[in-house]
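Try each task before you read its solution.

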Amino acid sequence: MIENGKYSHGRKVAELEAALAGYCGAKFVIGVNSGTDALVLLLRAAGLRPGDEVVVPAFSFGASATSVVLAGGRPVFADIEPDGYGIDPAAVADAAGERARFVMPTHLFSHLADIDGVLEVAQRLGLTVVEDSAEAIGMRRRGKHAGLFGAGGVLSFFPTKTLGAIGDAGAVLTDDRLIAETVDALRHHGRFGGTIADFPAISTATGLPGVNSKMDDIQAAVLLAKLTILDVDIARRAELAARYTAALADVRGVRKLPPTRPDSVFYVYVVEVDSRDDLAAHLSADGVQTEVYYPAPLPLQPCFAGLGHRKGEFPNAENACRHTLALPLYPDMSTGDCDRVCDSIRAFYRGRRG
């Protein structure tokens with residue numbers, strides 16, 4: 001890595017790709033420099049054409065929709081299911097018009113979206129499924145890893161993720177060789193021919209209008225080290241999630257706790273609560289950091305104002321935006337800190353009743 005002067009797109013990246021392929025059970029993993037780039041390149045490699053519509057959830061991180069725009073498509077929004085926050089298959093069927101060619105379910109927070117329902121609708125309507133599985137490392141259903149149910153999926157290694165780097169990094173995972181080879185070329189300026197760790201590749205012919213989205217080897221080295229303890233970290237996250245659930249189950253004001261399912265991997269622990277913003281302020285004053293996922297539905301974000309959506313069109317997404325709050329959750333968190341968060345939440349709602 002450092003000793004040979006190869007700081008990105010080198011042997012450590014290739015080693016990480018192989019390790020992730022083994023962990024996820026994917027035929028191909030292609031490392032890139034962010035989860036967002038992974039989505040853009042996956043869409044392009046899967047055949048997105050200019051102007052094609054992609055049905056995306058109204059409740060998700062911005063990249064789920066902006067990646068469609070960056071890839072040359074047009075996002076079309078569908079509401080989510082109220083319990084799991086995944087895209088509602090029935091809403092997908094309603095939203096998909098004549099120009100819809102893709103649907104992008106997002107696996108949020110702690111478990112998979114209704115991927116079986118999405119696949120059924122996609123098959124019926126002739127849509128290609130690409131998964132925004134950026135948060136979903138370790139999530140599986142019937143032994144199949146998130147991101148491998150359709151044409152492909154992605155992983156984000158942003159530092160806060162379940163498997164996090166010390167900077168930005170991401171990956172595409174797929175079982176489709178052509179998609180893999182296309183993403184491989186697109187990430188390195190459209191050059192075909194296995195350019196990873198190949199110094200003379202600068203002279204390789206450019207076959208596609210690609211981008212510079214090579215993963216740094218230092219990030220790959222960090223991720224390789226952390227991959228060895230990923231399952232231990234996932235288990236610890238599950239322990240903390242169970243402790244939260246037990247402690248908050250009877251708190252009036254906590255509207256909904258995240259379900260624990262066979263495919264659950266707790267990237268974050270998200271609750272629905274009354275007086276969400278006041279609770280967040282109370283916790284902050286008590287030294288507890290929280291996060292709002294997400295403050296507004298994607299169709300109502302300023303960058304999509306031109307699409308003309310209005311409040312009330314996506315009731316489940318809008319409800320989630322009003323009430324969801326992520327509590328602290330990380331493998332090094334102590335049980336005492338978890339209990340302190342729960343005690344502070346209890347105190348807040350006792351005070352409001354008083």
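Predicted model: local features only at pLDDT ≥ 70, side-chain atom pairs only at ≥ 80, totals over all residues.

**Exercise 1.** Classify the ring pair Phe59 and Tyr294 as stacked, tilted or edge-to-face.

*Solution.* 
- Step 1. The structure holds eleven aromatic pairs.
- Step 2. In the pair Phe59 and Tyr294, the ring centres are 5.3 Å apart and the planes stand at 70°.
- Step 3. Planes over 60 degrees apart count as edge-to-face, so Phe59 and Tyr294 form an edge-to-face pair.
- Step 4. Now place the residues. Phe59 is in the loop between strand 2 and helix 3, and Tyr294 is in the loop between helix 9 and helix 10. The pair therefore ties together parts 235 residues apart in sequence.

**Exercise 2.** Are Phe59 and Tyr294 buried or exposed?

*Solution.* 
- Step 1. Buried means under 20% relative accessible area.
- Step 2. Phe59 has 1%, so Phe59 is buried.
- Step 3. Tyr294 has 8%, so Tyr294 is buried too.

**Exercise 3.** Classify the ring pair Phe109 and Tyr293, then find the cluster that holds these residues.

*Solution.* 
- Step 1. The ring centres of Phe109 and Tyr293 are 5.6 Å apart, with planes at 65°, so this pair is edge-to-face.
- Step 2. Phe109 and Tyr293 are both buried.
- Step 3. One aromatic cluster is formed by Phe59, Tyr85, Phe109, Tyr293 and Tyr294.

**Exercise 4.** Which helices do the buried residues of helix 7 pack against?

*Solution.* 
- Step 1. Helix 7 covers residues 217–227. Its buried residues include Ala220, Val222 and Leu224.
- Step 2. The buried residues of helix 7 pack against helix 1 and helix 8.

Technical notes: Residues numbered from 1 in each chain as written. Heavy atoms only, no water. Buried < 20%, exposed > 50% of the residue type's maximum accessible area, 1.4 Å probe, protein only. Helix = DSSP H or I, 4+ residues; strand = E, 2+ residues; numbered from the N terminus. Contact = heavy atoms within 4.5 Å. Phe/Tyr/Trp six-rings, centres within 6.5 Å; stacked < 30°, edge-to-face > 60°.
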